Amino acid sequence: MSDAQAFVDAHRDEGTTELFGITELCQQFGITLRALRFYEDKGLLSPRRINGARVYTRRDRARLALILRAKDIGSPLSEIKRYLDLYGDHGEGRAQQLGFVIERTDTAIAELEQKRAQIDETLAELQLINATCRKHLQERRQVEGHSVSAETGVSPPPSAQTPTKKRLPQTPAQAKQRKVAI
C-alpha cells in the first residue's frame, strides 16, 4: 500500500470508501464553491481538512443532497439544519427525522391544497369574466355593424373589414336615443 493510499484511508469514516474534494462535489451537484462554503458556515456540512484542503465524506455528500432537495421544496435552512441534526452521529435519531418530515410535509400539503383551491376559484372567476366580456363585445360589435370572429370574439384589423356606410350627422335627440339603446 502506498503512503498516499494509507493517508487517504486514515481519514475515511468507518464504512466509507470515498472521499470528495470541494470542486468534485460542486460539479456533481451543479453548485458553486461559494454555495458549498455557505452551507458549511451555516453548520450544515462539516468537511474534514487535510493539509488545508476540504475533504468531504459520503456522509457529507448525502447531507448535501438532502440540503439541496429540501431547498428545492422550499424548506428554510433552519428547518434543514434541524432535520440533519436529528439524525445523530450514527443514525440514532432516524425515527425523529421521519416524524419531523411527516409533520413538515403534512403542513406543506395542506397549504398547497388551500392555494390550489384559491387558484381554481380565481381561475373560474376569470374565465366567467372573460366569457361575459367576449359576449358583450360581440353583441356591441354586431349592433355597430362590425364583423366579429366567433373564435376569438375580436374583430379583424381595419384593413380586413368591409367598408361601412358613413353615418349622417345626428341630432342631439338621435344621439341620446342611440346611447340608451346600447
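These notebook entries record what I looked up in a predicted model.

**Ground rules.** I numbered residues from 1 along each chain as its sequence is written, and I kept to heavy atoms for side-chain values, leaving out hydrogens and water. Because the model is predicted, local features need pLDDT of at least 70 and side-chain atom pairs count only at pLDDT 80 or more, whereas totals for chains, interfaces and linings use all residues.

**Entry 1: the sheet.** I took helices (H or I, at least four residues) and strands (E, at least two) as DSSP runs, numbered from the N terminus. Two strands pair if DSSP finds at least two bridges between them. Strands of a sheet pair through backbone hydrogen bonds, either parallel or antiparallel. I found an open sheet of three strands in the order β1-β3-β2, with antiparallel pairing. β1 (19–21) and β2 (48–50) each have a single partner strand, so one side of each lacks a neighbour in the sheet. From one strand to the next, the twist averages 45 degrees. Axes here are lines fitted to C-alpha atoms, for helices over the stretch in contact, and angles run from 0 to 180 degrees between N-to-C directions. I then noted three bridges between β2 and β3 (residues 53–57), with Arg48 opposite Val55 in β3.

Helix α4 (residues 58–72) packs on the sheet and touches β1 and β3, contact meaning heavy atoms within 4.5 Å. The direction of α4 makes about 80 degrees with that of β3.

**Entry 2: Asn51.** I located Asn51 in the loop between β2 and β3. Its phi is near 55 degrees, a positive value in a residue other than glycine. Is Asn51 buried or exposed? Asn51 counts as exposed, at 75% relative accessibility. The classes are buried under 20% relative accessible area, exposed over 50%, and partly exposed in between (1.4 Å probe, protein chains only).

**Entry 3: salt bridges.** I searched for salt bridges (a side-chain nitrogen of Lys or Arg within 4 Å of a carboxyl oxygen of Asp or Glu). How many does the whole structure hold? The search finds four.

Glu40 forms one with Arg54, the closest N and O atoms being 2.7 Å apart. Glu40 lies in helix α3 (residues 33–41) and Arg54 in β3, so the pair ties together parts 14 residues apart in sequence. Glu40 is buried, at 15%.

Glu79 meets Arg104 at 2.5 Å, N to O. This pair links helix α5 (residues 77–86) with helix α6 (residues 94–144), 25 residues apart.

Lys81 and Asp85 meet at 2.9 Å, both in α5 and four residues apart, about one turn of the helix. Lastly, I noted that shared partners join Glu40, Arg49 and Arg54 into one network.
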